[in-house]
Amino acid sequence: MVRLQGEEELDRPALALLLSAFAAGLAINLSLMSELFLRSHLPDTRWAPLVYLLGYPVGYLIVILGRLQLFTESTITAVLPVAAKPRMANLTKLGRLWACVLAANLAGVFLVSALMAGEVILSEAQRSFAVDILGKLEVQTAAKTLTLGIPAGFIMAAIAWILPNSRGSEFWIICTLTYIIGLGNFSHVVTGSSQVSFLWMSGRMTFLEMALEFILPALAGNIIGGTGLFAVLAHGQLRVDDFNEKAEAGEDTPMVGRGAGYGAER
């Protein structure tokens, strides 16, 4: 199912990808806003993050259950068909999908951040609170951001891999795994961009700091975790499953060490 979904995504028109991804960028900001709203009603204690980070999954729930295009999901869904048939045409489709989805995700995020910074969708008190809280966050090096981006990419790919077989448990799977991303302070390129873009538009950091210290290293980490780790493991499972199915059916199968076919579906 995951590979079939990826094949459908690779063939979607660019306009459909852009609109869906832009909507996802708008919606994902609700993770930051929900977290800030909860935080404003809590004392500054050690247990407070356990509560206000319950707002972190809100944007993901809208995006994933609404079947909108989020970049980190495509690091597994769209990569499996390319891994099965690594042709130039498929690689071109993958590059087109990644470029469209990431650009539109960030465009949606930046628009909402501008509305927040301009006090259009936040009151003056809420904006001041957000600037104060986000401005106190520890500044990480690009290397640290990249490292923390790897588990975030892996977890998002795991969500895309698990959901087709979740059978009514989608809400809890999304909430649990994205809550872990927030609790672990892992770097998600789209969600994290809502924080850094808001700080940039509020004059707390420069554009280069935002791009070089967060967006680009988080992007690299998410790709490594989602594609370099999870997609390789998932692709290996598909190969083994296909080999076993052919063996049970009595078909001729190549040696496992030399690679099996790609007929299995997740």
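**A buried threonine, then the rest**

Analyst: Let's start with Thr 191, which is buried at a relative accessible area of 2%. Buried means under 20% relative accessible area, exposed means over 50%, and partly exposed is in between (1.4 Å probe, protein chains only). Before we go on: this is a predicted model, where local features need pLDDT of at least 70 and side-chain atom pairs count only at pLDDT 80 or more, while totals for chains, interfaces and linings use all residues. Residues are numbered from 1 along each chain as its sequence is written, and side-chain values use heavy atoms, with hydrogens and water left out.

User: OK. Where is Thr 191 found?
Analyst: In helix H11, residues 189-201. Helices here are DSSP runs (H or I, at least four residues), strands are E runs of at least two, and the numbering goes from the N terminus.

User: And what does Thr 191 touch?
Analyst: Leaving out residues up to four places away in sequence, Thr 191 touches Ile 28, Ser 31, Tyr 56 and Tyr 60. A contact means heavy atoms within 4.5 Å. With Tyr 60 there's also a side-chain to side-chain polar contact at 2.6 Å. That term covers a pair of N or O atoms within 3.5 Å; within protein, one must be able to donate a hydrogen and the other to accept it, and residues adjacent in sequence count only if both atoms are side-chain atoms.

User: How many of the residues of H11 are buried?
Analyst: 10 of the 13, so H11 is largely enclosed by the rest of the structure. Among them are Val 189, Gly 192, Ser 194 and Phe 198. From its first C-alpha to its last, H11 reaches 17 Å, close to the 18 Å expected at 1.5 Å a residue. The expected span is 1.5 Å times one less than the number of residues. Just after H11, Gly 203 has a positive phi of about 80 degrees.

User: Let's zoom out. How many helices and strands are there?
Analyst: The protein has 12 helices and 0 strands. Of its 266 residues, 47% count as buried. Looking at contacts between residues at least 6 apart in sequence, 79% join residues at least 24 apart.

User: Which residues does Leu 32 touch?
Analyst: Skipping residues up to four places away in sequence, Leu 32 touches Met 116, Leu 134, Ser 194 and Gln 195. Leu 32 is in helix H2, residues 14-39, and is buried, with a relative accessible area of 2%. The C-alpha atoms of Leu 32 and Gly 192 are 8.6 Å apart in space, though the two are 160 residues apart in sequence.

User: Switching topic: how many salt bridges does the structure hold?
Analyst: It holds 2 salt bridges, each being a side-chain nitrogen of Lys or Arg within 4 Å of a carboxyl oxygen of Asp or Glu. One joins the side chains of Asp 11 and Lys 93 (2.8 Å, N to O). That pair links distant parts of the chain, 82 residues apart: Asp 11 is in the loop between helix H1 (2-10) and H2, and Lys 93 is in helix H7 (residues 88-117). Asp 132 and Lys 136 form a salt bridge too, with their closest N and O atoms 3.4 Å apart.

User: Is Lys 136 buried or exposed?
Analyst: Lys 136 is exposed, at a relative accessible area of 61%, whereas Asp 132 is partly exposed at 37%.

User: What about aromatic pairs, how many does the structure hold?
Analyst: There are 5. One of them is Trp 200 with Phe 207, edge-to-face, 5.3 Å centre to centre and 65 degrees between the planes. Rings of Phe, Tyr and Trp (its six-membered ring) pair if their centres lie within 6.5 Å; planes under 30 degrees apart count as stacked, over 60 as edge-to-face and the rest as tilted. Trp 200 is partly exposed at 30% relative accessible area, and Phe 207 is partly exposed at 43%. Ring pairs link Phe 110, Trp 200 and Phe 207 into a cluster.

User: Last one: where does Trp 161 lie?
Analyst: Trp 161 lies in helix H9 and counts as buried, at 6% relative accessibility. Its C-alpha is 9.1 Å from that of Glu 73, 88 residues apart along the chain. The 21 residues of H9 should span 30 Å at 1.5 Å a residue, and the end C-alpha atoms are 30 Å apart, which agrees.
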